[in-house]
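Subject: Structure for your review, with notes on what was found

Dear colleague,

Please find below the structure that I am handing over to you. My notes follow it, and I would be grateful if you could read them with the model open.

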Amino acid sequence: KPISMILRMYSTLILCWDFFIIFIYFFLALAKSFYEFLRPPKLKDLSNEIALVIGSSRGIGFELSIQLAEEGAKVICVDIETTESIKLAEIINRSGGIAYAFKCDVTNKTEVQNTVNLIEKKVGQITMLFHCCGVPSPRSLFTEAPPIQSTLDLCVVSHFWLLESILPKMKKINRGHIVFLASVTGLSGVKHQTPLAVAQFAVQGIFESILDELRIEKFHKTIRTSIVHIYPFIISENLQNDIRLRMPSAFGRICAQKAATLILNGVRRNEYEISIPKYMLFVGHVLKLFPRKATLLLHQLFDTGMDF
């Protein structure tokens, strides 16, 4: 029938037009990404930020706290043990920064809610969240796995309690930045550490879900999210003589201070994905294009890349 034919032609034209518009936006996004690769965006100012750092007593969390304060942010140092957090806050305050120390077990929902409320009363609305305590150290990848429940509580469940307490308030002020730190085990897995690998995969899923939630609710341009993939080459100073890399010339080592600088620069440029070392993000994406058998051969090659 002529009418049905016209309707089908009209629907086809509309569909073709939609595809055309999508392709235009797609290529514009590619062009923008290529331009920003050649000329990275300026680093955003952090002087008006209130940054909550979970797991601030050591490693990357410690260094991030120091550097956030140097950039003018008010830093909230949170850990399950207050001794080191108090020391860190004192170091920052003596250096001219502003920092506060709080004790919190982030696996406990009630304790998280009470701590967030206390921070808001004493300091103000949290505008940046760095979850650092769920990232395993290189040694933990090769030692006996911790209990499954405690691994999932710390690395996964704690994200929900923190997001439940902080994200709705970020939406009210239409401003914020949430930074998820995850191990490379969330991309490729690791032998004899299934619970840990599952937990890191889950962090990737939480990041993707929050990113999509913010996009749908039109908050994605004002509330930013970033995920950091940390490869097991970040060795703290006291472990440098204790760990031997199979191919040190290929991977090298990155100290926690340098890693924190790279992470903070990526966050200040509003990058969605950050990796330490930086080049491994590109390598990881390229490897996904290879057949599974080829990637398994590479896994086999690097499985014993670090000895203790």
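The notes below cover the numbering, the salt bridges, the helix packing, an annotated region and some individual residues.

**Basis of the notes**

This is a predicted model, in which local features need pLDDT of at least 70 and side-chain atom pairs count only at pLDDT 80 or more, while totals for chains, interfaces and linings use all residues. Residues are numbered from 1 along each chain as its sequence is written, and side-chain values use heavy atoms, with hydrogens and water left out.

Helices (H or I, at least four residues) and strands (E, at least two) are DSSP runs, numbered from the N terminus. Buried stands for under 20% relative accessible area, exposed for over 50%, and partly exposed for values in between (1.4 Å probe, protein chains only).

**Salt bridges**

Side chains of opposite charge can pair when their charged atoms come close. The structure contains 8 salt bridges, each defined as a side-chain nitrogen of Lys or Arg within 4 Å of a carboxyl oxygen of Asp or Glu.

One of them joins the side chains of Glu-71 and Arg-268, at 3.2 Å from N to O. Glu-71 sits in the loop between helix H2 (59-70) and strand S2 (74-79), and Arg-268 belongs to helix H9 (residues 256-268), so this pair ties together parts that are 197 residues apart in sequence. Arg-268 is buried, at 10% relative accessibility, whereas Glu-71 is partly exposed, at 33%.

A salt bridge also forms between Lys-87 and Glu-84, whose closest N and O atoms are 3.9 Å apart. These two residues are 3 residues apart in helix H3 (residues 82-94), and are thus separated by about one helical turn. Lys-87 is partly exposed at 44% relative accessibility, and Glu-84 is partly exposed at 37%.

Lys-109 and Glu-164 form a further salt bridge through their side chains, at 3.2 Å from N to O. This pair links distant parts of the chain, with Lys-109 in helix H4 (residues 109-122) and Glu-164 in helix H5 (residues 148-173), 55 residues apart. Lys-109 has 33% relative accessibility and is partly exposed; Glu-164, at 41%, is partly exposed.

A network of salt bridges links Lys-171, Glu-213 and Glu-217.

**Helix packing**

The axes of H5 and helix H7 (residues 194-216) come within 9 Å and cross at roughly 15°. Axes here are lines fitted to C-alpha atoms, for helices over the stretch in contact, and angles run from 0 to 180 degrees between N-to-C directions. H5 and H7 are therefore roughly parallel to each other, given that angles under 35 degrees count as roughly parallel, over 145 as roughly antiparallel, 65 to 115 as roughly perpendicular and the rest as oblique. Among the residues that meet across this pair are Leu-152, His-159, Phe-160 and Lys-171 in H5, and Ala-199, Val-203, Ile-210 and Glu-213 in H7.

H2 and H3 pack at an angle of about 25°, and their axes are 10 Å apart. That makes H2 roughly parallel to H3. In this pair, Phe-62, Ser-65, Ile-66 and Ala-69 of H2 meet Leu-88, Ile-91 and Ile-92 of H3, where contact means heavy atoms within 4.5 Å.

**An annotated region**

The UniProt record, an unreviewed entry, places the feature "transmembrane region" at residues 12-35. UniProt positions are given in the numbering used here, feature names are shortened, and annotations may be inferred rather than shown by experiment. In the model, residues 12-35 are 100% helix and 0% strand, with the end C-alpha atoms 35 Å apart.

**Individual residues**

Ser-158 lies in helix H5 and is buried, at 0% relative accessibility. Neighbours within four places in sequence aside, Ser-158 is in contact with Val-106, Thr-107, His-131 and Asp-153.

Glu-164, mentioned above for its salt bridge with Lys-109, touches Lys-109 and Gln-113, not counting residues up to four places away in sequence. The C-alpha atoms of Glu-164 and Val-112 are 9.5 Å apart, although the two residues are 52 residues apart in sequence.

Pro-277 is found in the loop between strand S8 (273-276) and helix H10 (279-287). Pro-277 is buried, with 5% relative accessible area, and its C-alpha atom lies 7.4 Å from that of Ile-230, 47 residues away in sequence.

With kind regards
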